[in-house]
There are 2 protein chains.
Amino acid sequence: MAGKPLKRATARISKLAPVLEAPAREPSAAMLIAKRIEEDIVLGRRQPRERLIEQDLCDLFQTHRGDVRLALFELEKKGLVERIPNRGAMVRGLTPLEVREIYAVREELEVMAVRIIAFPVAPSEINRLEQLQRQHSAAVAKGDLLTVFYSNLRFHQILFGLCGNACLIETIDFLAQKVHGIRSYAHAFPQSLDRARRDHLDMIKALRGSRRDALIALTRRHLEPSPQAYIKAYERRFGTAVLASTD
Amino acid sequence: MAGKPLKRATARISKLAPVLEAPAREPSAAMLIAKRIEEDIVLGRRQPRERLIEQDLCDLFQTHRGDVRLALFELEKKGLVERIPNRGAMVRGLTPLEVREIYAVREELEVMAVRIIAFPVAPSEINRLEQLQRQHSAAVAKGDLLTVFYSNLRFHQILFGLCGNACLIETIDFLAQKVHGIRSYAHAFPQSLDRARRDHLDMIKALRGSRRDALIALTRRHLEPSPQAYIKAYERRFGTAVLASTD
DNA sequence: GCGTTGAATATTGTTTACAATATAGTTTTC
DNA sequence: GAAAACTATATTGTAAACAATATTCAACGC
């Protein structure tokens with residue numbers, strides 16, 4: 001047992017990873033839990049300021065606290081959850097100011113994405129978008145909010161994915177996640193969902209015609225309603241003064 | 001012991017967090033470890049593809065694997081480390097393509113930041129920048145690369161912090177972190193450090209004169225050398241063909 | 001009665017031990 | 001002698017127990 005510790009040290013030097021490809025790993029348990037909690041927040045099943053207690057989540061997801069803990073750290077960085085040391089985690093509510101700031105950055109990046117898309121776009125890609133759009137419309141008609149949420153998400157991922165810049169795609173996605181929670185406000189009105197649907201159709205049309213300026217304008221317009229609806233709802237609830245009030 | 005479990009359930013409903021302010025918490029142990037490892041990567045003390053073994057890091061930082069684990073997850077999300085399930089973590093090397101993509105997004109966001117800075121900027125802010133710049137120059141002269149790194153980082157944080165959009169500031173910072181690792185290449189040449197120094201001085205001048213267009217041009221120019229140096233070094237090392245070769 | 005103190009409980013944070021998986025080296029078989 | 005199977009070891013992943021911290025509620029003194 002005396003000479004053994006050396007082995008690890010040598011191993012670190014010699015083993016420089018034998019050219020391993022990412023083996024298309026499935027998401028870890030912690031990520032799945034994070035995803036589920038995120039869904040709950042998005043669909044309004046969990047209210048802002050509601051506490052997220054580790055043991056409760058363990059019981060719910062049938063797992064140990066390690067995974068739940070990791071999921072909460074994950075959600076904290078995404079901005080959906082607030083964690084206070086030794087006190088725990090709670091669903092985070094965004095202030096109107098934060099929402100406006102996030103949407104300003106989203107607009108900049110999404111416009112950048114459509115600005116660098118290489119035209120013309122392959123018909124197969126446009127067909128994928130149309131298919132997702134049909135799925136989205138059907139879900140809207142049925143009132144299936146979960147499917148609405150995911151098909152909408154996928155639509156935008158495919159659309160902005162066309163730009164080809166992986167970092168840009170990732171960052172757009174990251175910012176979209178931050179405001180997932182406020183969509184439940186925007187979607188409270190059927191007219192909002194309908195407007196989004198029409199925007200999508202127009203986008204597909206612009207894409208097919210390689211009309212870049214139209215696509216940029218649509219991208220900007222498409223981002224407008226959500227923050228406006230949220231801010232209105234917020235002011236109705238907490239008074240007209242939009243300050244840093246936490247309660 | 002029969003009726004006790006209920007208490008937790010009721011607690012979750014009743015306790016809606018009694019208006020707690022963020023108590024300016026100090027960074028957790030995991031974050032400190034992540035920071036230290038990041039420094040090692042930035043300064044070239046750890047090579048790309050080098051393995052990061054949890055137990056080694058525990059010995060090094062005198063802690064348990066929980067913290068180290070969390071730090072590695074953290075670094076994975078930042079993009080500095082690659083993790084493969086059941087196999088471990090290693091320092092991640094960026095391909096030239098990734099570097100170009102990241103810098104394209106950085107340019108977009110940093111230009112956005114200086115575009116929305118409210119002029120004129122308070123003299124106190126400009127003084128802070130000048131002070132940091134003096135610190136930076138002194139560190140360059142002394143060859144103190146760690147101080148060079150941090151004073152440069154702070155300079156940009158203050159500069160872009162002037163834009164006032166918290167989300168934008170955070171995202172700029174996030175992307176800068178992703179390419180911290182390649183700065184060791186750029187800084188290999190003294191002329192690079194000197195050019196950066198001059199850029200900073202010009203930026204301060206433009207800021208003082210409220211010359212926005214000049215500041216935007218400087219911001220773009222300032223981002224050029226690093227990826228170029230990295231890509232050149234990469235090609236010299238792995239051959240001129242810039243493909244997905246991993247070794 | 002009201003604020004304060006103190007014990008009981010709830011919740012998070014840390015540590016350790018254990019199990020599962022991957023890697024390296026050795027032996028065996030053709 | 002080379003390929004395949006097996007064993008030993010290294011490393012990560014999981015779980016449970018323990019410790020530290022915060023919250024709740026009741027008793028006490030003023």
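This is a predicted model: local features need pLDDT of at least 70, side-chain atom pairs count only at pLDDT 80 or more; totals for chains, interfaces and linings use all residues.
Select Arg51(A) first, and then look across to strand E3(A), where the bridge partner of Arg51(A) is Met90(A). Strand E1(A) and strand E3 (residues 88-91) of chain A are joined by two bridges and run antiparallel. Now widen the selection to the whole sheet, which is open, has three strands in the order E1-E3-E2 (chain A), and is paired in antiparallel fashion. Strand E1 (51-52) and strand E2 (81-84) of chain A are at the edges, each with a single partner strand, so one side of each has no neighbour in the sheet.

Keep H4(A) in view and select helix H2 (residues 29-42) of chain A, which packs with H4(A) at an angle of about 55 degrees, the two axes being 8 Å apart. That angle makes H2(A) oblique to H4(A), and the crossing of the two helices is right-handed. Where they meet, you can show residues of H2(A) including Ile33(A) and Ile37(A), together with residues of H4(A) including Leu70(A) and Leu75(A). The residues of this contact of H2(A) with H4(A) divide into nine nonpolar, no polar and three charged.

Finally, move to chain B and select Glu235(B), which is found in helix H12 (residues 225-238). Glu235(B) is partly exposed, with 13 other C-beta atoms within 10 Å.

Note on methods
Residues are numbered from 1 along each chain as its sequence is written. Chains are lettered from A and ligands numbered from 1 in the order in which they are written. Helices (H or I, at least four residues) and strands (E, at least two) are DSSP runs, numbered from the N terminus. A residue is buried if 20 or more other C-beta atoms lie within 10 Å of its own, exposed if 12 or fewer, and partly exposed in between; C-beta atoms are placed from the backbone. Two strands pair if DSSP finds at least two bridges between them. Axes are lines fitted to C-alpha atoms, for helices over the stretch in contact, and angles run from 0 to 180 degrees between N-to-C directions. Angles under 35 degrees count as roughly parallel, over 145 as roughly antiparallel, 65 to 115 as roughly perpendicular and the rest as oblique. A crossing is left-handed if the near helix is turned anticlockwise from the far one by less than a right angle, and right-handed if clockwise. Two residues are in contact if their C-beta atoms, placed from the backbone, lie within 7 Å. Ala, Val, Leu, Ile, Met, Phe, Trp, Tyr, Cys and Pro count as nonpolar, Asp, Glu, Lys and Arg as charged, and the others, Gly among them, as polar.
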